[in-house]
Amino acid sequence: LAQWYVRSSYAKWLQQRNTMGLTGADVARRIMSAAPELRGVRLEGTPGELSDHFDPRDNTVRMSPSIAQQPSVASMAIVAHELGHAQQYAEKSALISLRQFLLPAVQLSPNIAYGLILFGIIAQATGLLWLGILFFGITVVFMLLTLPVEIDASRRGLVLLRQAGLMQTETDSGGSRQVLTAAALTYVAAAVSSLLTLLYYVMLAQRSNND
């Protein structure tokens with residue numbers, strides 16, 4: 001449902017021209033000129049749809065063709081969100097720092113967790129099952145940290161748009177909020193899903209203990 005909502009909101013506001021007729025790339029430049037901490041951010045294109053992202057490794061916002069080249073409300077909102085992430089890194093936000101600290105562990109923990117949980121269930125080895133749950137817990141913590149990071153990036157994005165004088169009408173502001181709210185719901189769904197999966201594994205382990 002969250003994925004459907006974000007795609008339908010994106011499709012709706014991608015067709016709605018923003019008041020100033022600026023493409024996503026133009027919006028990014030306007031925001032960066034109004035925010036000194038963002039002036040070192042690079043802009044690049046990236047293939048695909050809804051593939052826009054900020055890469056902290058080289059301080060680059062990468063925009064999909066439809067976002068970079070179309071003067072839509074969706075372009076405004078998505079570019080502002082990614083620049084919100086850039087601002088988090090520039091200001092060394094505590095949440096983003098903690099999330100980055102966990103990133104190396106998260107890249108390995110899911111595969112280790114699933115392997116241990118599967119082997120623990122097959123071999124009826126409760127100790128391995130709990131060890132797998134511990135590794136999976138790292139992923140859950142990462143997902144729970146991602147949620148406030150994404151919400152904060154959207155909040156920052158709306159502020160950046162206002163500071164750059166890009167919120168000209170209710171269409172601009174209301175449409176941007178809807179796009180960013182829809183995007184946030186996908187992270188809420190992912191966090192809830194990972195938490196419920198963790199609880200399911202804990203139930204399996206407790207059942208194994210009882211057996």
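Accessible areas here come from the Shrake-Rupley method with a 1.4 Å probe, and for residues only the protein chains shown count as cover. On that basis the accessible surface of the chain comes to about 10,600 Å², of which 61% belongs to carbon and sulfur atoms.

The structure is a predicted model, in which local features need pLDDT of at least 70 and side-chain atom pairs count only at pLDDT 80 or more, while totals for chains, interfaces and linings use all residues. Residues are numbered from 1 along each chain as its sequence is written, and side-chain values use heavy atoms, with hydrogens and water left out.

The chain holds seven helices and three strands, these being DSSP runs numbered from the N terminus (helices, H or I, at least four residues; strands, E, at least two). Read from the N terminus, the order of elements is α-α-β-β-β-α-α-α-α-α, and the C-alpha atoms fill a box of roughly 65 × 35 × 25 Å along the principal axes. Of the 211 residues, 47% are buried, where buried means under 20% relative accessible area, exposed over 50%, and partly exposed in between (1.4 Å probe, protein chains only).

A search of the whole structure finds ten salt bridges, each defined as a side-chain nitrogen of Lys or Arg within 4 Å of a carboxyl oxygen of Asp or Glu.

| Salt bridge | Closest N to O |
|---|---|
| Asp26 and Arg29 | 3.1 Å |
| Arg42 and Asp58 | 4.0 Å |

Asp26 and Arg29 are three residues apart in helix H2 (residues 24-34), and so are separated by about one helical turn; Asp26 is partly exposed at 26% relative accessible area, as is Arg29 at 47%.

Arg42 forms its salt bridge with Asp58, and because Arg42 lies in strand E1 (residues 42-45) and Asp58 in the loop between strand E2 (53-55) and strand E3 (60-63), the pair ties together parts that are 16 residues apart in sequence. Arg42 is partly exposed at 41% and Asp58 at 27%, whereas Arg62 is buried, with a relative accessible area of 15%. Through shared partners, salt bridges join Arg42, Glu44, Asp55, Arg57, Asp58 and Arg62 into one network.

Elsewhere, Leu144, Leu185, Val188, Val192, Leu195, Leu196 and Leu199 make a nonpolar surface patch of about 550 Å². Patches are made of residues with over 30% relative accessible area and no salt bridge, like charges being joined within 9 Å and nonpolar side chains (Val, Leu, Ile, Met, Phe, Trp, Tyr) within 5 Å. Helix H7 (residues 170-210) gives the most to this patch, with six residues; Val192 is found in helix H7 and counts as partly exposed at 42% relative accessibility.
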